[in-house]
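I have kept to what can be checked against the coordinates and the record.

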Amino acid sequence: MDDEEADPVGGPLPAAESLDDKLLGYSETAIRYVEVVAALVLVLLFAIGVFDLGLQIFQSALRGDITDPLVVVGFIDTALLLFIIVEVYQTVVAYTQESETRRIVRLVIYTGVIAMVRKAIIFRTGEYASEEAALLAAGAYTLIILGLAALLLVERRTRGTLPESG
């Protein structure tokens with residue numbers, strides 16, 4: 001079953017009969033409008049971020065420090081942040097379209113992987129009070145990345161074997 005063919009989570013709401021049912025219907029409509037607004041805000045943030053990244057690259061080229069490794073890491077950091085915005089956008093859209101729960105979980109895992117890779121790329125030991133604190137943070141990042149990778153692996157391997165949720 002494709003994501004687009006999946007039934008909404010919990011199925012469609014029954015016809016409103018009582019005041020409670022009507023209020024729930026209104027709240028469901030309000031949530032959908034807020035989700036759409038959130039998606040539009042993310043689109044705006046992405047557009048601003050792409051413009052900003054282009055501007056950073058252009059200014060670095062003019063200054064002549066575009067080949068500086070720290071500047072390049074800054075570009076990568078910004079690009080990964082843009083990927084996170086895209087993944088969050090896709091998650092909001094999946095919620096709005098009432099996609100299958102499995103697709104939403106997959107998007108959240110992807111967002112986590114991108115966020116942690118971003119953290120690993122910009123990791124600097126000098127930002128911590130002590131070497132022990134830096135080592136603890138690096139260990140925590142490693143555990144989170146390995147956990148997310150394991151979740152992603154399990155999700156991919158069980159994609160065709162589990163009954164569709166949703």
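The points below go from the overall fold to the helices, their packing and the cores.

1. This is a predicted model, in which local features need pLDDT of at least 70 and side-chain atom pairs count only at pLDDT 80 or more, while totals for chains, interfaces and linings use all residues. Residues are numbered from 1 along each chain as its sequence is written, and side-chain values use heavy atoms, with hydrogens and water left out.

2. The chain has four helices and zero strands, and its order along the sequence reads α-α-α-α; helices (H or I, at least four residues) and strands (E, at least two) are DSSP runs, numbered from the N terminus. Of its 166 residues, 25% count as buried, where buried means under 20% relative accessible area, exposed over 50%, and partly exposed in between (1.4 Å probe, protein chains only). Among contacts in the chain with a separation of 6 or more, 71% come from residues 24 or more positions apart, a contact being heavy atoms within 4.5 Å.

3. The UniProt record, an unreviewed entry, places the feature "transmembrane region" at residues 36–58, 70–92, 104–121 and 133–154; its positions are given in the numbering used here, feature names are shortened, and annotations may be inferred rather than shown by experiment. Over residues 104–121 the model is 100% helix and 0% strand, with the end C-alpha atoms 26 Å apart, and over residues 133–154 it is likewise 100% helix and 0% strand, with 31 Å between the end C-alpha atoms.

4. The helix lengths can be checked against an expected span of 1.5 Å times one less than the number of residues. For helix 1, the 45 residues should span 66 Å at 1.5 Å a residue, and the 65 Å between its end C-alpha atoms agrees. Helix 2 (residues 69–96), with 28 residues, reaches 40 Å from its first C-alpha to its last, close to the 40 Å expected, and the 21 residues of helix 3 (residues 101–121) should span 30 Å, which agrees with end C-alpha atoms 30 Å apart.

5. E35 is buried yet has no salt bridge, the nearest side chain of opposite charge being R32, 4.9 Å away; a salt bridge is a side-chain nitrogen of Lys or Arg within 4 Å of a carboxyl oxygen of Asp or Glu, and Lys and Arg count as positive and Asp and Glu as negative, with His and the chain ends not counted.

6. The buried residues of helix 1 are E35, A39, L42, G49, L53 and S60, and they pack against helix 2. In helix 3 the buried residues include R102, R103, R106 and M116, and what covers the buried residues of helix 3 includes helix 2 and helix 4 (131–157).

7. The largest nonpolar core has nine residues, A39, L42, L53, V71, F75, L82, I85, V92 and V93; such a core is a set of buried Ala, Val, Leu, Ile, Met, Phe, Trp, Tyr and Cys residues joined through side-chain atoms within 4.5 Å. Helix 2 gives the most to this core, with six residues. Apart from it lies another core, of eight residues, among them M116, A134, L148 and L152.
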